[in-house]
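Work through the exercises below with the sequence and the structure in view. Try each task before reading its solution.

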Amino acid sequence: FALLVKDVRTFLREPTQWGQCLLIFGMLLMYSSNLRRLGYDLQNPFWTLVISHLNLLVCCLALSTLTTRFVFPQFSMEGQRLWILGLSPLPLERVMSLKLRLIAGVLSLLTTLLVIMSSMSLDLPLRRAIFFCGAVIMQSYGLTALALSLGAMLPNFREPNPARIISGFGGTLCLIGSFLYILGSASVLALPDAWAWKADLQKMPLDPRQVMGFEMAALGFVAFLTILFGGIPWWLAKKKTKNLDYLRDL
């Protein structure tokens, strides 16, 4: 609990961090709540589908920006004090787990709120809103786990400036990995709607259970990508933090 309080206080004491987060989420909030004023014909189901998926993509790209900018350098920013955590009764892997729960929990809550607001603006059915909420929650945890894991596996304890930390190899790898994860997830999530749209153009009857099955399969594949891009690096990072040999580099 003390570590969580420390992270929260550190975040609140840095106007650069909470100011940028407030700006990004504030702009997304204004965008999500004003979708009907963008000038698109939302009576056309095609534009409703396109805007709903683009809205999810925008939220996930904003998440990747925040996790790369603020989450990836956290392990490195402990700097010369990391040996204290390494020798404490609380293992470093436990510290990482606490950070993951705190950060991913807050980010998933905020992005879910944005998705719900955009779904209400677009008058999406409840099933579609739950579909997008499930996707954005998984990606919130996946992006956070990826950033924390790469930050722990590729730390830079000599650089006190987080902007320089993320400009190195680890930060670049985190950004590329986040982009590939988002791109793969967005493509898979769009497949059920693309199939349903094609079937509607061809006047083919649609079975609601079959449509739901395609959507569940898409969410299942997103879960697989989350394990691939977030779970595997997380397992490797926890394995590395058990070995305290790298503390000699401090």
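**Exercise 1: a surface patch**

F221, F224, I227, L228, I232, W235 and L236 make up a nonpolar patch on the surface, with about 680 Å² of accessible area together. The model is predicted: local features need pLDDT of at least 70, side-chain atom pairs count only at pLDDT 80 or more, and totals for chains, interfaces and linings use all residues. Residues are numbered from 1 along each chain as its sequence is written, and side-chain values use heavy atoms, with hydrogens and water left out.

Task: state in which helix L228 is found, and whether L228 is buried or exposed, or in between.

Solution. Step 1: L228 is found in helix α10, residues 208-241. Step 2: recall the cut-offs, with buried under 20% relative accessible area, exposed over 50% and partly exposed in between (1.4 Å probe, protein chains only). Step 3: L228 has a relative accessible area of 38%, so L228 is partly exposed.

**Exercise 2: salt bridges**

Task: find which residue forms a salt bridge with R127, and which helices the pair ties together.

Solution. Step 1: a salt bridge needs a side-chain nitrogen of Lys or Arg within 4 Å of a carboxyl oxygen of Asp or Glu. Step 2: the closest N and O atoms of R127 and E215 are 2.5 Å apart, and the two residues form a salt bridge. Step 3: R127 lies in helix α7 (residues 126-153) and E215 in helix α10, so the pair ties together parts 88 residues apart in sequence. Step 4: E215 is buried, at 4% relative accessibility.

Terms used. Patch = residues over 30% accessible without salt bridge, like charges linked within 9 Å, V, L, I, M, F, W, Y side chains within 5 Å. Areas by Shrake-Rupley, 256 points an atom, 1.4 Å probe, with all protein chains shown as cover. Helix = DSSP H or I, 4+ residues; strand = E, 2+ residues; numbered from the N terminus.
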